[in-house]
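Please keep the sequence and the structure in view while reading.

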Amino acid sequence: DLEISLEDTFNGLTTTIEVPGFSKCSTCKGTGAKPGFMKNCDDCKGTGQIKRVQRSAFAQIVNITECHLCRGAGKLITKYCENCNGEGKTRKTKKIRITIPRGIDDEQYIRINGEGEESHGDGFNGDLYVVVRIKKHDIFDRNGADLFCKTSIDLKTAILGGVVEVPTINGKAKLNIPKGTQSHTAFRLRGQGLYYLDASKTGDQLVKVVVKIPEKLGRKQEELLKEFTSEEKAETKKGFFEKLKEFV
């Protein structure tokens, strides 16, 4: 697992990771035996197989099975390697340089050929899978290549309109607030999201504006507000059950 920031998904990232694993023992060369302490199996004579012949009046049947003593290896260890305790491999942490492409999503993975464990017998290495985890961001939520955030505006800007500055993943942007903007209205900043994976196109950023209501007003402010809203009346919209009565 590799944890990266949301900014890293926008810019892409090249980093070095440490991978714990195993490597072939340098003393026994992977055999598990102390040098000079391996011999041919007494049962199979080094072939790894046991042949048993059954004869009848008309045929001869040859059964070939894996040697139970050496388990098909053809060799027996008389003294184990002291460096790896007979395992044939030792623990080793290796450093690998990897590149995380921009636009990668949470829990997606990158496969690095040949950087896995050495397979038994043939000497080939498997692959390494790096699973990317993206940290939770303090400002932005993500949906694919689109980003979402909230910002607050004052009552004056909501009523009269104006321009506010909002954060983006790579800096700041100007957002035009039209007159009479209601609280929790969402605005779209096109092209201000993240890159699509393996593409030069970017998503959008959606900004939800929350109108901040002042907790305290001065006397003059209260008088002006009362004068401004003197002709407005609160209106309650019909609920579901009231609407239902009209159709009964």
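Strand 1 and strand 9, the latter covering residues 128-134, pair in the parallel sense over three bridges. Here strands (E, at least two residues) are DSSP runs numbered from the N terminus, and two strands pair if DSSP finds at least two bridges between them. Within this pairing, Leu-2 has Val-132 of strand 9 as its bridge partner. The model is predicted, so local features need pLDDT of at least 70 and side-chain atom pairs count only at pLDDT 80 or more, while totals for chains, interfaces and linings use all residues. Residues are numbered from 1 along each chain as its sequence is written, and side-chain values use heavy atoms, with hydrogens and water left out.

The two strands belong to an open sheet of three strands, in the order 1-9-8, with mixed pairing. Strand 1 (2-4) and strand 8 (109-112) are at the edges with a single partner strand each, so one side of each has no neighbour in the sheet. From one strand to the next, the twist averages 30°, an angle between N-to-C directions, on a scale from 0 to 180 degrees, of axes that are lines fitted to C-alpha atoms.

Another open sheet has four strands in the order 10-11-15-14, again with mixed pairing. Its edges are strand 10 (141-143) and strand 14 (185-189); each has a single partner strand, so one side of each is left without a neighbour in the sheet. Strand 14 runs antiparallel to strand 15 (residues 205-212), and five bridges join them. Thr-185 is opposite Val-209 in strand 15.

The largest nonpolar core has 34 residues, of which Ile-17, Ile-98, Ile-100 and Leu-175 touch the most other members. Such a core is a set of buried Ala, Val, Leu, Ile, Met, Phe, Trp, Tyr and Cys residues joined through side-chain atoms within 4.5 Å; buried means under 20% relative accessible area with a 1.4 Å probe, protein chains only. Strand 9 gives the most to this core, four residues. Neighbours within four places in sequence aside, Ile-100 is in contact (heavy atoms within 4.5 Å) with residues including Leu-2, Ile-4 and Val-132.

A second, separate core of six residues includes Cys-44, Ile-50, Cys-70 and Leu-76. Cys-44 is buried, at a relative accessible area of 4%.

How many disulfides does a search of the whole structure find? It finds zero, a disulfide being a pair of cysteine sulfur atoms within 2.5 Å. For Cys-25, the nearest cysteine sulfur is that of Cys-28, 3.7 Å away.

Terms used:
Buried means under 20% relative accessible area, exposed over 50%, partly exposed in between (1.4 Å probe, protein chains only).
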